[in-house]
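Colleague: I'd like to learn how to read a model like this one. Could you walk me through it?

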Amino acid sequence: QDIDGVGPKYHLELVLEDVLHKDSTVNCTAEVLYHLGNTTAPDVQFTIEGEVKNTDEADNMFYNRTKSLEKELVGENIPDSHGNVSPEMEPVHLLAWVASGYVIWQNSTENTNFQLAQIKRVKQVKRSDEHLEFDYTILLHEMVSQEIIPWQMTVLWHPQHGVQVTQDSRQPKHA
Amino acid sequence: TSNMKLILIFSALFGASLCLETFVGHQVLRIKTKNEEEVKKLQLLESLEHLELDFWVNPSSPALPVDVRIPASNVQAVKAFLESCGIRYSILIEDLQVVLDKEKQDMAESQQRERSGNSFNYGTYHSLDSIYAELDHLASEYSNIVSKLQIGESYEKRPLYVLKFSTGGSNRPAIWLDAGIHSREWVTQASAIWIAKKIASDYGTDPSVTSLLNKMDVFLLTVSNPDGYVFTHTTNRMWRKTRSKNQGSLCVGVDPNRNWDAGFGGPGASSNPCSDSYRGPSANSEVEVKSVVNFIQNHGNIRAFLTLHSYSQLLMYPYGYKCTEPADYAELDALGKAAASSIRSLYDTAFTVGSICTTIYQASGGSIDWSYDNGIKYSFAFELRDTGRYGFVLPASQIIPTAEETWLGLKTIMEHVRDN
């Protein structure tokens, strides 16, 4: 459907599957409105039928473990070349997925198809308040152009307050 | 107190514990402590030597799970204790002996393979040298049907090796299969070498492969872009293109799947050398592409052109450079769907079938468009696992399942080619 003067609008019906618990699915309907000129992120409205699994226990474990680390958490190449993610890094990987979803949304047009390819680097930034902060350099794979785009993002997280991307910027590609 | 409870329960079992050589019925539990008090309870448990508890991860802090092996006779009692204290646990290993027996079997099989000269692990990613060594090994182990040919050299002068599967004849109708034209798509080179082994070892035992090779030859190029592949190991895991130098640019490499003479220069490829879909200065400018073109044209009797890519789980036929249907659309679509169905039958992996242009994007200069427009009707491009969760960095544990299911799809197509 094309909305005159605004842009194309899509109505979607999809099924969301919990990546960690494959038998857990919820139905979702969404409306996506792209803006002509592609200078603003598309508007997205959605509703979910049913409940998403509660992850409080795992969230709190990761939160407490990370808060109590003496040295800041660091990592690189997650997953590694062979697709491995160490158990300690799995939550960091999942957090990157959520945060990159925001970055992808903000930069999507009708002609892009982004996926998170890899976390190049991640470094925890110690904070005096209750939030955890991570500075990520991720690689986004854009399917249509096949480009791998490095992107920096600063991510704030707290088990009860959710995820926030406070800063993000596209990085120059190496030759 | 609960400590007294502990001592009472376990002292009753003290007399009953046996000293066994095997681990039949031994369980390994993962215990998740919530606080210091629970850690202390586990440390007390640790101190009861007659239980013969073997802590794989000792209780030390509430943040870390505790893994412990429990002899069969004490399993129920330990669980009862944990439950009565409200301490959460899960079963990591139900019966340790089963795991050990399997491991012994795996090692025996591995040793058997080593004795017969083959210790190549198909379930892991390999360096170029390692893959090339395995090609030689297959050609020698199955020398009655497998031979290795060199069809050219890469930009950096690495050999381009093709395995020929043939039971004889002279210039029989043949099937072409290639992998790794885009070097970062590691599951394709890995699947190709598995498929090579499969074809070689199935001849004489599998009726379908046997009848196929009795009539036709198969040519398999396991690493189409060796320079790129080495680069993904040494420098940049995400490298896609060849490694050729571009005149007047600091950027290296051409997208070998935009370099074929099919709609070359059209939409769906870049003219910028720094782009990952750079088409190159002219069609067939890349020696990796030209070598295959020469081989196919000189052979003159290729009936199918099949190429492996990753990721997205797609099975596609021409065209990519234009969005109009190929003349053989109906047959290719039906065959594609049949192949996708075979793929799905094994692990329920779903592939979407369609032309390149309508399924993925418009892309000019692609290999199957060239092969189709040059008379090779059965031209298909596969995009293997997954759909984005790991993408190019697919875990090695998925190599063999991917190769197995892909092989079923390829077989369906090959059988149709054989019978038509």
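**Salt bridges, the interface and a listed site**

Modeller: Buried means under 20% relative accessible area, exposed means over 50%, and partly exposed is in between (1.4 Å probe, protein chains only). Before we go on, this is a predicted model, where local features need pLDDT of at least 70, side-chain atom pairs count only at pLDDT 80 or more, and totals for chains, interfaces and linings use all residues. Residues are numbered from 1 along each chain as its sequence is written, chains are lettered from A and ligands numbered from 1 in the order in which they are written, and side-chain values use heavy atoms, with hydrogens and water left out.

Colleague: Which residue does A:R127 meet in a salt bridge?

Modeller: The term covers a side-chain nitrogen of Lys or Arg within 4 Å of a carboxyl oxygen of Asp or Glu. Here A:R127 pairs with A:E133, 2.6 Å from N to O. A:E133 is buried, at 13% relative accessibility.

Colleague: How many salt bridges are there over all chains?

Modeller: Searching the whole structure gives 25. One of them joins B:K40 and B:E36, at 4.0 Å from N to O. Both residues sit in helix 2 of chain B (residues 36–47), four residues apart, about one turn of the helix. Helices (H or I, at least four residues) and strands (E, at least two) are DSSP runs, numbered from the N terminus. B:K40 is exposed at 54%, while B:E36 is partly exposed at 42%.

Colleague: What does B:R158 pair with?

Modeller: B:R158 bridges to B:D227, with the closest N and O atoms 2.8 Å apart. This one links distant parts of the chain, 69 residues apart: B:R158 is in the loop between strand 5 (146–153) and strand 6 (159–165) of chain B, and B:D227 is in helix 8 (residues 226–234) of chain B. B:R158 is partly exposed at 22%, whereas B:D227 is buried at 1%. Salt bridges can also form a network, as with B:E185, B:R240, B:D255 and B:R258.

Colleague: Now the interface. How many residues of each chain are in contact?

Modeller: Contact means heavy atoms within 4.5 Å. By that rule, 27 residues of chain B touch 26 residues of chain A. Buried area is the accessible area (1.4 Å probe) that two parts lose on being put together, summed over both. For chain B and chain A that comes to about 2200 Å², 55% of it on carbon and sulfur atoms. On the chain B side, B:M238, B:Y361 and B:R389 lose the most area to chain A, together 26% of what that side buries.

Colleague: And how many salt bridges are there between chain B and chain A?

Modeller: Two. B:R88 forms a salt bridge with A:E57, the closest N and O atoms lying 3.2 Å apart.

Colleague: Last one: which residue does UniProt list for "active site"?

Modeller: The unreviewed UniProt entry lists B:E383. Read that with care: UniProt positions are given in the numbering used here, feature names are shortened, and annotations may be inferred rather than shown by experiment. In the model, B:E383 is in strand 12 of chain B (residues 378–384) and is buried, with a relative accessible area of 8%. Leaving aside neighbours within four places in sequence, B:E383 has contacts including B:H309, B:Y311, B:F351 and B:I360. The B:E383 side chain also reaches the backbone nitrogen of B:S310 at 3.4 Å.

Definitions and conventions
Polar contact = N/O pair within 3.5 Å; in protein donor to acceptor, adjacent residues only side chain to side chain.
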